[in-house]
Amino acid sequence: MSSDNQWSADEEEGQLSRLIRKSRDSPFVPVGIAGFLTVVSYGLYKLKYRKDQKMSIHLIHMRVAAQGFVVGAVTLGVLYSMYKDYIRPRFFNASKK
């Protein structure tokens with residue numbers, strides 16, 4: 001393997017520095033993780049006050065909400081990446097000509 005491979009882990013790189021580096025490369029991943037944790041925390045809080053709702057139905061709703069937030073964050077990340085790589089260079093290069 002080559003040493004310039006961005007997906008290979010360095011032996012001396014710590015977990016926190018690796019997370020920070022990957023967060024700079026794709027900023028919507030930490031947003032998705034934070035949203036997932038928020039939905040799970042809210043679901044655990046609401047678990048106490050679910051009244052007559054079955055536990056399985058409550059868990060299914062929380063799972064769908066958490067997955068929806070993560071999929072939305074990944075979709076926004078892909079759209080941002082496409083804008084940054086394809087759309088923005090066309091407009092800035094066209095205006096210089």
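Thirteen residues line the largest pocket, and those nearest its centre are Asp 25, Ser 26, Gly 77, Val 78 and Ser 81. A pocket here, on a 1 Å grid over the protein atoms alone, is an open set of points where a 1.4 Å probe fits, with protein on both sides within 12 Å along at least five of seven lines; lining residues have an atom within 4 Å of a point. This is a predicted model, where local features need pLDDT of at least 70 and side-chain atom pairs pLDDT 80 or more, while totals for chains, interfaces and linings use all residues. Residues are numbered from 1 along each chain as its sequence is written, and side-chain values use heavy atoms, without hydrogens and water.

The volume of the largest pocket is about 200 Å³, meaning the space filled by probe spheres set on points joined across faces, edges and corners. Helices α1, α2 (28-47) and α3 (55-96) each supply at least two lining residues, and α3 gives the most, seven. Helices are DSSP runs of H or I, at least four residues, numbered from the N terminus.

Now the two residues. His 58 is in helix α3 and is buried, at 5% relative accessible area; buried means under 20%, exposed over 50%, and partly exposed in between, with a 1.4 Å probe and protein chains only. Leaving out residues up to four places away in sequence, His 58 touches Gly 43, Lys 46, Leu 47, Arg 50 and Gln 53, with heavy atoms within 4.5 Å.

Ser 23 sits in helix α1 (residues 15-25). Ser 23 counts as partly exposed because its relative accessibility is 22%.
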